[in-house]
Amino acid sequence: MNVVSIDAFHLKYPFESSCACIGYFDGIHKGHKELLLNCIEQADKNQLKKVCITFDPDPWVIFKNEKQKHLSTLSDKIQILSSYGFDEVYILQFSKEFASLSIESFHHLLKEMNIKILICGFDFKYGQFNSGNVDTLKKQNDFKVIVIDSVNFSNLKISTSRIEPLILKGELYQANVLLDYIYSISGYIEHGFKRGTNVLKIPTANLNVDQEYILPKTGVYAGMVLLENQFYKAMINIGTNPTFNNQHLTIEAHILDFDEDIYGQKIRFFFYDRIRDEMKFHSIDELKNQLLRDIQYVDQLNFDECLLKNTRNIFFKN
């Protein structure tokens, strides 16, 4: 899959005729999936390039001038889109100048990008002051427009703004159902306090996480880690280790059936479901016994096969 960064005011790329879907696509959840699959189907049917158009940076970064937390980084989005079979991803460089484009200028841009069919969600907005919508899109004659209706679960629209609070509250299984795969964060393994190895005899891998991610609520989670194209079950803890009175948040995983030195390696933590709150124990032995029970619970847990399959399809490298 080809990834192209595009300056809307200086188009230099040799665009081929395409069917394109458009949106910010944070998390690429079950609602987005309907739009993406429709784009793939229409492209194949009309013998057009399969293209996804997204934006970077997040528009809120430009308007609020502050970093934003997300369900997925740009790298994650590219990884997920690749798993769908898109030919190309166009990353439109978002700026105040781009946001100020008139409705007509935005239409002209898509025409210049050789879009023949555009697929968007029913609530897609564009142009200066978000004055453009699906109605204005349908009035132009340069390309065909297909609008995807709301995709609902339990009678409510599936959206990033619905999934984010679930993750922040630690309701990861519910979030995963809406995502249609297991939520994950990535970073590099760093040295920690080594209490897991030296004190508890339960070694953990400490994650120096990409700061863009929305982090789940503090607590203990059943999950997985992805290392060298292989999944391992893991007990994951997010918190301050209150038994040891830590001052800062740590994210660490005990990886089941694994005993290798992985310091400095890039790794991905997957959060399947929350087991319990983080607790302050009266003794090291009490903490260790609880951790062993948590590990046993994770080891015996049967993960949802559909979520596992979808997660493998995205993150396994063929």
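Arginine 268 and aspartate 76 join their side chains in a salt bridge, with 2.5 Å from N to O. Arginine 268 sits in strand β14 and aspartate 76 in helix α3 (residues 74-84), so this pair ties together parts that lie 192 residues apart in sequence. Both partners, arginine 268 and aspartate 76, are buried. Keep in mind as you look around that this is a predicted model.

**The barrel**

- Six strands close into a barrel, and if you follow them around, the order is β9-β10-β13-β12-β11-β14.
- The pairing in this barrel is antiparallel.
- On average, neighbouring strands of the sheet are turned by 45 degrees against each other, with direction ignored.

- Helix α11 (residues 305-315) lies across β9, β11, β12 (230-239) and β14.
- Relative to β14, helix α11 runs at about 165 degrees.

**Other salt bridges to look for**

- How many salt bridges does a search of the whole structure find? The count is ten.
- One of them links the side chains of arginine 276 and aspartate 294, at 2.8 Å from N to O.
- Arginine 276 belongs to strand β14 and aspartate 294 to helix α10 (residues 284-300), so the pair ties together parts 18 residues apart in sequence.
- Are these two partners buried or exposed? Arginine 276 has a relative accessible area of 12%, so it is buried, and aspartate 294 is buried with a value of 3%.
- Lysine 111 and aspartate 142 also meet through their side chains in a salt bridge, at 3.8 Å from N to O.
- Lysine 111 lies in helix α5 (residues 103-112), while aspartate 142 is in the loop between α6 (134-139) and β6 (144-148), so the pair ties together parts 31 residues apart in sequence.
- Lysine 111 counts as partly exposed because its relative accessibility is 44%.
- Aspartate 142 is partly exposed too, with a relative accessible area of 37%.
- Finally, look for Asp44, Lys50 and Asp87, which are linked in a network of salt bridges.

Conventions. Residues numbered from 1 in each chain as written. Predicted model: local features only at pLDDT ≥ 70, side-chain atom pairs only at ≥ 80, totals over all residues. Heavy atoms only, no water. Pairing = 2+ DSSP bridges. Helix = DSSP H or I, 4+ residues; strand = E, 2+ residues; numbered from the N terminus. Axes fitted to C-alpha atoms, helices over the stretch in contact; angles between N-to-C directions. Contact = heavy atoms within 4.5 Å. Salt bridge = Lys/Arg side-chain N within 4 Å of Asp/Glu carboxyl O. Buried < 20%, exposed > 50% of the residue type's maximum accessible area, 1.4 Å probe, protein only.
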